[in-house]
Amino acid sequence: MPEKLALTGNEAVAHAMRQINPDVVAAYPITPQTSMMQKFADFVADGLMDCELVLVESEHSAMSAAVGSQASGARTMTATAACGLALMWEILGIASAYRLPIVMPVVNRALSGPINIQGDHSDTMGARDCGWIHIFSENAQEAYENTIQAIRIAEHPDVLTPVMVCLDGFIISHGVEVVKIYDDDKVKKFIGEYKPHYSLLDPNHPITLGAMDFSDFYFEHKVSQLDGINASPQIILDVGREFKETFGGEECYEYFEAYKMDDAELGVISLGSTAAAARLVVDELRSQGVAAGSVKLRVFRPFPYEELAKIIAPLKGCAVLDRSIAYGGDGGPVHIEVRSALYGRHPVPVMTNYIYGLGGKPIEPEHIMTAFDDLKEAVVQGRPRRRVGYLNLKEEAMAIA
Amino acid sequence: MKKYLEATYEKLPLAGVIEEAGNAEQYETGSWSTFRPVFHPEICIHCLFCWVYCPDSAILVNEESKVIGIDYDHCKGCEICSVECPTKPEKAITIEKK
């Protein structure tokens with residue numbers, strides 16, 4: 001019987017890590033991840049697991065230690081946020097190139113500067129090409145369940161790719177929800193034993209890891225690295241299906257969750273906790289007779305181009321909500337991917353992009369409602385008022401001052 | 001190592017792991033150097049400083065712990081052996097342009 005506990009998102013993920021019982025965790029604190037590692041450290045200190053918890057001196061060290069540990073055949077995890085992830089950046093690409101199935105919860109927080117400790121997606125979006133799988137959570141329950149599934153996805157012999165499990169800083173990490181914690185033994189059985197593909201500590205098969213490459217083979221190595229992440233979409237679905245069947249969960253177990261999209265004319269795409277607000281707005285609009293729908297994107301990398309395009313293409317108008325800016329690019333990263341997904345299809349909806357919620361700026365149903373209002377107008381005009389707009393930005397206030 | 005030289009990207013070992021122990025020896029880097037050390041056995045006192053300090057294990061030593069020469073296939077011409085050689089007034093390892 002699952003136990004229902006009132007937990008913050010961080011505590012829920014800490015419970016997932018407790019049940020996973022990794023061999024090694026190497027971590028460094030950073031708001032808003034800190035309480036996750038503190039809770040986890042409590043579990044270790046209370047003797048509830050046999051994990052080697054290494055308290056390293058920086059996030060760069062945390063990921064370096066995680067790489068060394070995983071490469072030596074130990075199931076290893078770490079966790080971070082924002083500039084902590086940025087500090088790890090050099091090693092992220094090494095973890096994925098070495099095909100190490102490290103699972104890392106990332107509590108999404110704004111990258112500096114200015115310094116901001118609140119939630120947005122700039123951190124993991126900034127690392128979108130580092131070769132990791134990115135799975136976004138809408139709430140504490142999803143963060144807990146995604147962390148458990150991530151172990152199976154990452155360690156699958158066809159994948160062997162590290163996974164970031166993303167949860168919104170403060171909104172999910174520090175908000176208390178009723179979370180179903182499944183049975184310890186059931187989780188242990190679900191994730192199974194770690195069978196490393198190779199190990200630095202195997203004296204019968206000595207290897208060298210991390211050797212130098214010149215232009216004769218670097219390109220070939222990097223292309224062969226795609227094998228893992230390209231095989232992952234099907235495995236993400238398979239693991240999700242198995243999780244749902246094993247635990248009877250009710251969350252999202254696919255690439256995205258479509259809400260009232262079957263006959264929708266106006267749709268909004270968002271990631272993380274914002275999706276919940278979007279559904280409220282869709283319900284309000286539907287009660288007014290507007291054919292509104294929303295999509296919650298769960299898997300950002302690998303991006304589900306075909307599947308998402310199928311759902312979005314029939315819309316008359318589509319707004320993509322991005323919680324980060326791709327400076328010098330077409331608005332935000334999700335917008336860029338969605339446009340790419342729709343290329344070559346006819347007809348396509350009128351598309352627009354809204355940047356919102358940077359640095360923890362609140363995103364409320366009323367703001368999403370303005371996005372839908374703009375979309376209605378855009379569909380009539382055949383084009384949006386602006387290709388890239390902003391929700392809840394102090395534009396008007398600045399003009400008045 | 002030879003089996004990979006013709007490999008396409010599909011045939012490379014996962015994660016670029018090198019599965020053949022100690023095969024760095026087969027990779028000859030000696031042509032990279034501009035200067036090279038020259039060994040003078042008549043001056044050498046076999047203190048083995050050059051052998052200890054050489055970063056490429058390119059000082060050749062026999063079973064009686066006597067220096068017998070330089071492995072020019074792996075010497076990168078860093079000149080540390082010559083700098084560390086203690087003999088006076090002439091060094092047992094001198095540097096010359098190739």
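What percentage of the 98 residues in chain B is buried? Buried residues account for 16% of chain B. This value, like the others in this report, is computed from a predicted model.

## Fold and dimensions of chain B

Chain B contains 3 helices and 4 strands. In sequence order these elements follow the pattern α-β-α-β-β-α-β. The radius of gyration of chain B is 17 Å, whereas the globule rule gives 13 Å for 98 residues; chain B is therefore more spread out than a compact globule.

The C-alpha trace of chain B spans about 60 × 30 × 15 Å along its principal axes. Among the contacts in chain B with a separation of 6 or more, 59% join residues 24 or more positions apart.

## Domains of chain A

Chain A is divided into domain 1, made up of 3-180 + 203-247, and domain 2, which covers 256-400. The C-alpha centres of these two domains of chain A lie 28 Å apart. Their contact involves 28 residues from domain 1 of chain A and 20 residues from domain 2 of chain A.

On the side of domain 1 of chain A that touches domain 2, at least two residues each are supplied by helix H6 (122-126), strand S6 (133-136), strand S7 (163-168) and helix H10 (226-247). H10(A) provides the largest share of this side, with 5 residues. By class, the side of domain 1 of chain A that touches domain 2 has 13 nonpolar, 11 polar and 4 charged residues.

## Nonpolar cores

The largest nonpolar core has 119 residues. Those touching the most other members are A:Val13, A:Val103, A:Val163, A:Val165, A:Ile269 and A:Phe372. Helix H7 of chain A (residues 140-155) contributes the largest share of this core, 8 residues. Because domain 1 and domain 2 of chain A both give residues to this core, it lies between them.

The surroundings of A:Val103 can be described individually. Leaving aside neighbours within four places in sequence, A:Val103 is in contact with A:Met77, A:Thr147, A:Ala150, A:Ile151, A:Ala154, A:Val163 and A:Val165.

## Contact between the chains

Between the two chains, 10 residues of chain B are in contact with 15 residues of chain A. The side of chain B that touches chain A has, by class, 7 nonpolar, 1 polar and 2 charged residues.

Note on methods
Residues numbered from 1 in each chain as written. Chains lettered and ligands numbered in written order. Predicted model: local features only at pLDDT ≥ 70, side-chain atom pairs only at ≥ 80, totals over all residues. Domains from an automatic or database assignment. Contact = placed C-beta atoms within 7 Å. Nonpolar A, V, L, I, M, F, W, Y, C, P; charged D, E, K, R; others polar. Core = buried A, V, L, I, M, F, W, Y, C linked by C-beta atoms within 7 Å. Buried ≥ 20, exposed ≤ 12 C-beta atoms within 10 Å, placed from the backbone. Rg over C-alpha atoms; globule rule 2.2 N^0.38 Å.
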